[in-house]
Amino acid sequence: MAMVAHKKSSKTASHATIQKLQPLVKKYFFLYAIILTMSNDIILLKQGEIILKGQNRREFEKRLLENIKRRISPFGKFKVYAMQSAVYIEPQDGSDIDEAFEALKTVFGAVSLTRAAACEKNKDAIVREAEAYLGETLKSVSSFKVESKRADKSFPMSSIELSQYVGGALHAIFPHLTPDMHSPELTIFIEVRDLAAYVHGPAQRGAGGLPIGTGGKMATLLSGGIDSPVASYMMAKRGASLVPIHFYSHPYTSEQAKEKVAALARKLSDYCGRLRVEFVPFTRISEEIRKKSPDGYVTVIMRRFMLRIAERIAKNHGCSAIITGDNLGQVASQTAEALIAADECVSMPIFRPLIAFDKIDIMNKAREIGTFDISSLPFEDCCTVFTPKKPRTKPRLSEVLTIEATLDIDALIEDALVNP
């Protein structure tokens, strides 16, 4: 009986060992398959904040890969996968790696990206690859240095030893070069990773932030001015998917004003993915407010109507919050008292990412993301058209509610939503 029990125990142990080894076998089979098909010229993209995530890191990484694949799909077929806090993008036959690289600069979740050449993890193979891949650049500069990193700690040389070896070999091949450890014209980077060694020049800055879709879905009020596109961008950078809403007042505002907003949405889509603007007619509401409201209260009551409508649209799209481009004290309608009075009419959270920005900072960011020139086009939106000469900077909520009691709020909102 003891013999039988011993045999049964051995079988159980063997089965347990096999189960433990299966993930390793799958991993290294996957690595081997990738190595066999690896392209020499690839894009190496470094993850940003994602690497700080805990147990849900894989969800962030998965969304980043999905966004990358969607963004570069117009430029051909690419193999996209993530390992060791980096994303590898390998072009397949006929793919446009140049266009893909430019598109990837606007993908949130990537802190940097570079073109790189993959080679065998061997010091002499690395030298040959550096000469072949960066040779033309090395011929055109007068100083250089080599920086190495080893993600694969089993590599037989330290990072310093590898840098010294490759640097010495390249200096022998290109004797006109002067080694310069402080301010070289070209820095050659070598990364020794699980799959292979990678050689590349300086990386370019990525968009940073978190992948679109990881921060939920939010409605954003897109007016056509400078602030609201920047506010939309800032929240998208934190992972929010956007539903833009624009209020127009034909014939007080022109078709060019609507096209201007559509152009802003197209520019934002470079970062945010495809955007579909919800255009809401606001003429009747604006006229009714002007008829029945004291001049100083027109703006705050208009804002309350916009927020009510935005909340309805946001809920229909499954959004959890509303984004606005408000900036504290920038104009009379954006005092703390006016913003509080406007917010009272909705229950949905309102995010104002620009609330403490200086106007110059907002304008600089608009130029950086490419929305400034579009926002500067001379086509007014309804907020500008109906702005009173002397808006109340400290509107009283009790007076706002008294004025609104003279308006058929539900009917006006319903009319705007069913008659776009």
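This is a predicted model: local features need pLDDT of at least 70, side-chain atom pairs count only at pLDDT 80 or more; totals for chains, interfaces and linings use all residues.
Local features need pLDDT of at least 70, side-chain atom pairs count only at pLDDT 80 or more, and totals for chains, interfaces and linings use all residues. Residues are numbered from 1 along each chain as its sequence is written, and side-chain values use heavy atoms, with hydrogens and water left out.

**Exercise 1. Find which residues of helix 2 are buried and what covers them.**

Step 1. Buried means under 20% relative accessible area, exposed over 50%, partly exposed in between (1.4 Å probe, protein chains only).

Step 2. The buried residues are Arg-57, Phe-60, Glu-61, Leu-64, Leu-65, Asn-67, Ile-68, Arg-71 and Ile-72. Seen down the axis of helix 2, they fall within an arc of 165° (taken from the directions from the axis to the C-beta atoms), so they line one face of the helix.

Step 3. An α-helix has 3.6 residues a turn, so residues three or four places apart point the same way.

Step 4. Arg-58, Glu-59 and Arg-70 are exposed on the other side of helix 2.

Step 5. The cover over the buried residues includes strand 1 (41-47), strand 2 (78-83), strand 3 (86-91), helix 3 (97-104) and helix 7 (255-272). Contact means heavy atoms within 4.5 Å.

**Exercise 2. Identify the residues through which helix 9 meets helix 14.**

Step 1. Take helix 9 (residues 298-316) and helix 14 (residues 397-404).

Step 2. From helix 9 come Val-300, Ile-301, Arg-304 and Arg-308. From helix 14 come Leu-397, Val-400, Leu-401, Ile-403 and Glu-404.

**Exercise 3. Is Ala-240 buried or exposed, and what does Ala-240 touch?**

Step 1. Ala-240 sits in the loop between helix 6 (227-237) and strand 11 (241-248).

Step 2. Its relative accessibility is 1%, so Ala-240 counts as buried.

Step 3. Leaving aside neighbours within four places in sequence, Ala-240 is in contact with Ile-212, Gly-215, Gly-216, Met-218 and Met-235.

Step 4. Ala-240 and Met-218 are 22 residues apart along the chain, yet their C-alpha atoms are separated by 6.4 Å.

Notes: Helices (H or I, at least four residues) and strands (E, at least two) are DSSP runs, numbered from the N terminus. Axes are lines fitted to C-alpha atoms, for helices over the stretch in contact, and angles run from 0 to 180 degrees between N-to-C directions.
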